[in-house]
Amino acid sequence: MGILSFNNHLVLTNSFNFKISRSPSLPLHQSQGQSQSSQNPALKQQKIVIPNKYGEKLVGILHDAASTEIVILCHGFRSTKEDAGMVNLAVALQNEGISAFRFDFAGNGESEGSFEYGNYWRETEDLHAVVQYFCGANRVIGAILGHSKGGGIVLLYASKYHDIHTVINLSGRYDMKGGIEDRLGKNSLERIKQDGYIDVKNTIGDVEYRVTEESLMDRLNTNMHEACLHIDKECRVLTIHGDADAVIPVEDAHKFDKIIPNHKLHIVKGANHGYTNHQAELASIVLDFVKASLKQDQNTS
């Protein structure tokens with residue numbers, strides 16, 4: 001159950017980190033064994049490579065439902081298009097006759113480029129390259145959706161480019177200072193100025209990625225409040241957030257609700273950052289909003 005208020009050219013990394021549960025009306029991708037798409041050959045998928053503005057190849061998977069409309073899905077921090085949550089949403093959309101495209105940002109998954117801690121506006125340009133590709137292929141971008149960091153990217157996109165009328169922010173961060181201490185430790189800015197970088201290690205001591213001063217400042221200088229003030233009133237924005245999210249607090253969702261003019265907020269009771277036990281509910285919320293938005297666009301066209 002949730003609370004609703006009103007105001008567009010394959011390694012499982014699990015930022016969603018959920019357990020799969022079956023629903024008779026919503027087949028879900030399994031983190032082990034065959035995916036739903038491999039079990040059902042009628043679901044058409046196609047790998048597509050799209051160059052970004054820097055000449056790097058972005059790799060994505062098109063779930064083609066033979067619809068003109070398409071929804072673009074953006075993964076979160078240190079994740080990929082193969083995140084089970086992204087696959088679940090793509091399959092759910094495809095099952096409803098809506099094409100979907102999930103892709104790797106530069107420096108992630110199969111895409112070219114180097115991973116960077118910040119890169120918010122650069123990843124926004126990656127999304128723009130994807131939108132331009134599908135517009136050039138005579139597709140209509142029905143919506144852009146992002147989870148976690150990807151949620152921030154779709155909002156930044158809407159603030160800069162005004163060509164997409166439906167945006168879904170799934171557990172995105174409003175306060176860019178939040179969460180830094182959890183990942184980098186205390187006094188991260190002082191330490192990074194002294195040493196030049198911070199290496200983030202896993203539980204066995206291996207370096208997972210390096211954070212430079214430039215990449216840290218990229219994040220800290222990304223002003224979500226200011227960006228959201230530039231989102232058009234005609235752009236329909238849905239923010240979905242779990243009230244048990246320990247990664248990005250639900251208060252961030254309420255802050256988005258206060259400043260984005262044409263905004264709906266859906267709080268999912270008991271859901272964590274990855275919607276571990278709420279995958280079917282999450283897909284249902286997304287599908288309802290996308291279908292209603294597509295219908296509205298058709299009625300006004």
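**Note on helix packing, cores and selected residues**

1. Once its neighbours within four places in sequence are left aside, S188 is in contact with I180, I198 and L216, where contact means heavy atoms within 4.5 Å. S188 lies in helix α6, which covers residues 188-195; helices (H or I, at least four residues) and strands (E, at least two) are DSSP runs, numbered from the N terminus. With a relative accessible area of 10%, S188 is buried, a word that stands for under 20% relative accessible area, against over 50% for exposed and partly exposed in between (1.4 Å probe, protein chains only).

2. The model is a predicted one, in which local features need pLDDT of at least 70 and side-chain atom pairs count only at pLDDT 80 or more, while totals for chains, interfaces and linings use all residues. Residues are numbered from 1 along each chain as its sequence is written, and side-chain values use heavy atoms, with hydrogens and water left out.

3. The largest nonpolar core has 38 residues, and those with the most contacts inside it are F101, L127, F134, I144 and L155; such a core is a set of buried Ala, Val, Leu, Ile, Met, Phe, Trp, Tyr and Cys residues joined through side-chain atoms within 4.5 Å. Helix α4 (residues 149-160) gives the most to this core, with 6 residues. Beyond its neighbours within four places in sequence, F101 is in contact with I48, I50, G60, I61, L62, I70, V71, I72, L73, V130 and F134. Apart from this core lies another, of 26 residues, including M86, L89, I285 and L287.

4. Helices α3 and α4 pack with their axes 9 Å apart and at an angle of about 70°, the axes being lines fitted to C-alpha atoms, for helices over the stretch in contact, and angles running from 0 to 180 degrees between N-to-C directions. The two are therefore roughly perpendicular to each other, given that angles under 35 degrees count as roughly parallel, over 145 as roughly antiparallel, 65 to 115 as roughly perpendicular and the rest as oblique. On the α3 side the residues that meet α4 include W121, L127, H128 and V131, and on the α4 side I153, V154 and Y157 are among them.

5. H128 belongs to helix α3 (residues 120-136) and, at 13% relative accessibility, counts as buried.

6. S148 is in the loop between β6 (140-147) and α4 and counts as buried at 12% relative accessibility. S171 is in the loop between β7 (166-170) and α5 (180-184) and, at 0% relative accessibility, also counts as buried.
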